[in-house]
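Please read the following note with the model open beside you. The points are numbered, and each takes up one part of the structure in turn.

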Protein chains: 2
Amino acid sequence: MQLSNRALNIQASPIRKLVPLADSAKAAGIHVYHLNIGQPDIETPPEMMKVYAQFDQKILAYGPSQGLEFYRRNLVKYYSRYAIDINENEIIVTTAGSEACFLAMLAVGNPDDEIIIPEPYYTNYNGFATWVGVKIAPLTTKAENGFALPSNQEIENIINSRTRAIMICNPGNPTGAVYSKADLQRLAELVIKHDLFLISDEVYREFIYDGEVHTSIMNLPEISDRAIVVDSISKRYSACGARIGSIISHNTELMAALMKFAQARLCPPTLEQYAANACLSLQKEYFDVILTEYQARRDLVYNALQEIDDVICVKPKGAFYIIAKLPVDDAEDFVKWLLTDYSLNNETVMVSPAAGFYGTPGLGKDEVRIAYILNSRDLQKAMQIFKSGLQEYINKK
Amino acid sequence: MQLSNRALNIQASPIRKLVPLADSAKAAGIHVYHLNIGQPDIETPPEMMKVYAQFDQKILAYGPSQGLEFYRRNLVKYYSRYAIDINENEIIVTTAGSEACFLAMLAVGNPDDEIIIPEPYYTNYNGFATWVGVKIAPLTTKAENGFALPSNQEIENIINSRTRAIMICNPGNPTGAVYSKADLQRLAELVIKHDLFLISDEVYREFIYDGEVHTSIMNLPEISDRAIVVDSISKRYSACGARIGSIISHNTELMAALMKFAQARLCPPTLEQYAANACLSLQKEYFDVILTEYQARRDLVYNALQEIDDVICVKPKGAFYIIAKLPVDDAEDFVKWLLTDYSLNNETVMVSPAAGFYGTPGLGKDEVRIAYILNSRDLQKAMQIFKSGLQEYINKK
């Protein structure tokens with residue numbers, strides 16, 4: 001009786017694994033500001049919550065494996081607002097972005113095949129890769145230059161005969177980097193040249209600051225058969241608990257295979273699709289309010305980090321994360337210390353050690369990811385604690 | 001650019017693949033009685049629906065990867081009613097039984113490892129096995145003797161060095177067979193002797209007829225470290241669309257690995273757990289009413305089948321399916337014909353060809369699965385149509 005290698009080897013979530021330390025701090029009466037997870041504090045749209053309150057079907061039945069048709073039809077309209085021209089048969093509704101990522105990897109990768117992903121990357125990609133048995137080939141990007149996409153030559157250096165896809169997260173978790181249309185066109189050239197898929201996780205599509213505009217890989221006609229978009233309503237509508245996402249592609253063979261995968265798990269949650277549907281009518285004004293708020297938070301966190309000696313970070317352009325390189329040897333030790341040994345006026349802060357977001361061993365050891373998902377007042381306090389904690393931590397060493 | 005082998009090879013759902021034919025029949029104005037899927041017509045408990053109506057949190061947030069603690073604590077009480085003695089850390093809440101099955105296979109199987117499953121079996125096990133890359137070694141059981149568990153010698157004949165687990169569905173979908181405590185003790189002996197896991201899908205736990213009692217593999221102390229139960233509220237509370245299941249085991253190493261798998265997909269739906277929780281207080285009286293109804297339906301369908309010449313079936317003891325062996329060469333052709341070429345008073349019936357439930361090629365070609373999930377009046381009509389359709393089909397051949 002033995003567990004599978006995947007069971008023995010899967011990485012513990014670097015975001016969630018320190019939660020017990022935070023729990024102990026709270027048990028000791030210390031308030032913990034959580035900047036470690038991407039759970040927004042923004043209210044879920046009342047339009048969505050109203051659907052739950054008013055749902056009057058008597059049987060909470062299975063829906064179609066592909067997702068409810070009216071919801072997919074309304075997703076078509078949503079996507080058209082971003083010049084993404086798809087039809088309802090080019091969408092499969094998934095159980096959150098998680099399932100969309102997993103199914104995308106499953107559809108393109110055989111065991112031991114490789115998917116190139118710029119690092120640092122969303123750590124759960126490791127989990128899905130482990131499930132599927134594919135290897136992530138990390139493409140290193142750097143805090144010093146805002147995690148910009150490396151040159152095509154650098155990317156080609158890690159493409160080999162087992163490479164099946166390049167996968168990006170745009171806007172990026174955990175980097176906050178946003179790829180320009182020119183960046184995406186470079187990637188398009190590469191995937192055509194090397195006959196690969198391009199998978200893009202665009203769950204932060206709307207979270208772009210300073211008036212910039214998002215480009216989807218679906219906006220590049222030259223790779224219409226190679227582009228796979230992974231999507232989710234979790235961050236967009238602050239509805240992380242609904243577990244509704246989608247996967248979209250023009251590639252009919254791929255969609256047919258994904259449909260068979262989708263049939264195996266029957267369907268995504270039914271009522272949650274009715275609820276998600278209510279969000280699709282929210283227009284630009286909805287996001288304008290949220291963006292103003294997040295941009296202020298970003299500026300607050302970025303400015304606070306700039307004020308700390310020897311901290312390196314570049315102002316993020318999107319999503320709601322920032323990676324900071326700290327003047328410490330072991331950022332995980334610092335993060336733990338903040339929870340176990342430090343408090344300021346009986347409060348402390350929790351951030352994520354960034355090493356877990358890198359695929360290359362040893363990278364990111366002096367970095368943390370900060371999710372700016374609290375209101376400005378709390379964020380201000382949290383950053384004061386972070387700053388003074390860091391100074392005390394460095395002094396005691 | 002090529003799809004993965006899994007994407008190219010995954011079986012289309014034999015339950016769902018004929019849906020387009022049913023849709024065409026409906027478009028032509030024909031009423032279709034659906035006996036092809038396990039979507040009960042029983043109302044979801046009002047206690048559960050009330051939770052959606054009254055939910056007043058402002059943010060639909062992520063829950064814990066393991067599932068909400070109060071829900072797991074109440075699951076402990078639910079399981080204790082079946083003499084299943086577990087604690088809340090021996091439960092992981094999953095996105096329906098589907099995810100529980102998938103994660104169980106993922107935890108015990110490496111690519112090309114084997115899991116023995118009595119056939120015919122729930123067809124989506126094929127899908128999860130394909131995802132994971134494990135092989136299902138089918139253990140053939142037969143309609144003629146009520147799909148009874150084969151002898152230990154027959155089972156040992158297919159155990160080899162790659163075998164990692166035996167997986168059962170008890171009560172069985174699609175067979176309606178229920179394994180006795182003695183059957184399970186035989187399996188326990190085998191998994192101990194050959195150092196395997198025993199996985200039991202017990203989502204139909206309450207659906208046992210004729211006053212018999214269900215035995216869980218969790219009731220066998222000799223395999224407490226080897227037993228993995230896959231569970232779901234979908235059928236139990238007619239809440240298929242909620243997508244809430246669970247996986248339970250006393251094996252701490254296994255649970256630790258499953259927890260890391262669970263973290264990768266963040267969490268099961270949040271509000272659905274609040275809703276599911278409301279069902280856990282439903283007592284025996286709730287199931288008594290449902291069981292009386294299902295037992296009547298079972299008798300109706302079984303008796304109707306008995307009246308048809310040359311149809312072979314054994315009265316099912318549990319779940320809400322029956323497999324019937326028909327006097328036809330190709331049951332799938334008959335099922336299609338019912339949808340495309342036959343109607344009685346402008347009505348027809350849809351059942352599932354059973355071949356897709358077998359792992360051994362060629363088996364089950366003359367069998368269908370009937371889900372008795374409609375009220376008795378509709379079921380009566382549907383079985384009349386089935387009977388007269390079968391007679392006309394045979395006569396025309």
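1. A crossing of two helices is called left-handed if the near helix is turned anticlockwise from the far one by less than a right angle, and right-handed if it is turned clockwise. With that in mind, and remembering throughout that this is a predicted model, please look at chain B, where α3(B) passes α10(B) in a right-handed crossing. Two packed helices are described by the angle between their axes and the distance between the axes. For helix α3 (residues 46-54) of chain B and helix α10 (residues 270-279) of chain B, the axes cross at roughly 150 degrees and come within 7 Å.

2. Which residues make this helix contact? From α3(B) come B:E47, B:M48, B:K50, B:V51 and B:Y52, while α10(B) brings B:L271, B:Y274, B:A275, B:A276, B:A278 and B:C279. Sorted by class, the contact of α3(B) with α10(B) has 9 nonpolar residues and 2 charged ones, with no polar residue.

3. The next point concerns the relation between the chains. Two copies of a chain are related by a rotation about an axis and a shift along it. Here chain B is superposed on chain A by a rotation of 180 degrees with 0.0 Å of shift along the axis, and the RMSD is 0.0 Å. The two copies are therefore related as by a two-fold rotation axis. Among the residues of chain B, B:A53 comes closest to that axis, its C-alpha lying at 1.8 Å. Both copies use the same surface, since 100% of the contact residues of chain B recur in chain A.

4. How many residues does each chain give to the contact between them? Chain B contributes 61 residues and chain A contributes 61 residues. On the side of chain B that touches chain A, at least two residues are supplied by each of α1 (5-9), α3, α5 (96-108), α6 (124-132), α9 (252-264) and α10 of chain B. The most comes from α9(B), with 7 residues. By class, this side of chain B divides into 32 nonpolar, 18 polar and 11 charged residues.

5. Within chain A, the domain assignment gives domain 1 (5-43 + 285-396) and domain 2 (59-279), and the C-alpha centres of these two domains of chain A lie 26 Å apart. In the contact between them, 39 residues of domain 1 of chain A meet 32 residues of domain 2 of chain A. The side of domain 1 that touches domain 2 draws at least two residues from each of α1 (5-9), α11 (284-306), β9 (321-325) and β12 (367-371) of chain A. The largest share of this side, 5 residues, comes from α11(A), and its residues divide into 21 nonpolar, 11 polar and 7 charged.

6. Returning to chain B, 7 strands form an open sheet with mixed pairing, in the order β2-β8-β7-β6-β5-β3-β4. Because β2 (91-94) and β4 (135-140) of chain B stand at the edges with a single partner strand each, one side of each is left without a neighbour in the sheet. From one strand to the next, the twist averages 25 degrees.

7. Another is α6(B), which lies across β3 and β4 of chain B and runs at about 150 degrees to β4(B).

8. A further open sheet in chain B has 3 strands in the order β9-β12-β11, with antiparallel pairing. Its β11(B) is joined by 2 bridges to strand β12 (residues 367-371) of chain B, where B:V368 is the bridge partner of B:P353.

9. Finally, please check some backbone details. Most residues other than glycine have a negative phi, and most peptide bonds are trans. The bond from B:E119 to B:P120, however, is cis, with omega near 0 degrees, and B:P120 is found in the loop between β3 and α6 of chain B. A cis peptide bond also joins A:N173 and A:P174, with omega about 15 degrees. B:A83, although not a glycine, has a positive phi of about 60 degrees, and this residue is found in the loop between α4 (69-80) and β2 of chain B.

Definitions and conventions:
Residues numbered from 1 in each chain as written. Chains lettered and ligands numbered in written order. Predicted model: local features only at pLDDT ≥ 70, side-chain atom pairs only at ≥ 80, totals over all residues. Domains from an automatic or database assignment. Contact = placed C-beta atoms within 7 Å. Helix = DSSP H or I, 4+ residues; strand = E, 2+ residues; numbered from the N terminus. Nonpolar A, V, L, I, M, F, W, Y, C, P; charged D, E, K, R; others polar. Axes fitted to C-alpha atoms, helices over the stretch in contact; angles between N-to-C directions. Least-squares fit on C-alpha atoms with pLDDT ≥ 70 in both. Pairing = 2+ DSSP bridges.
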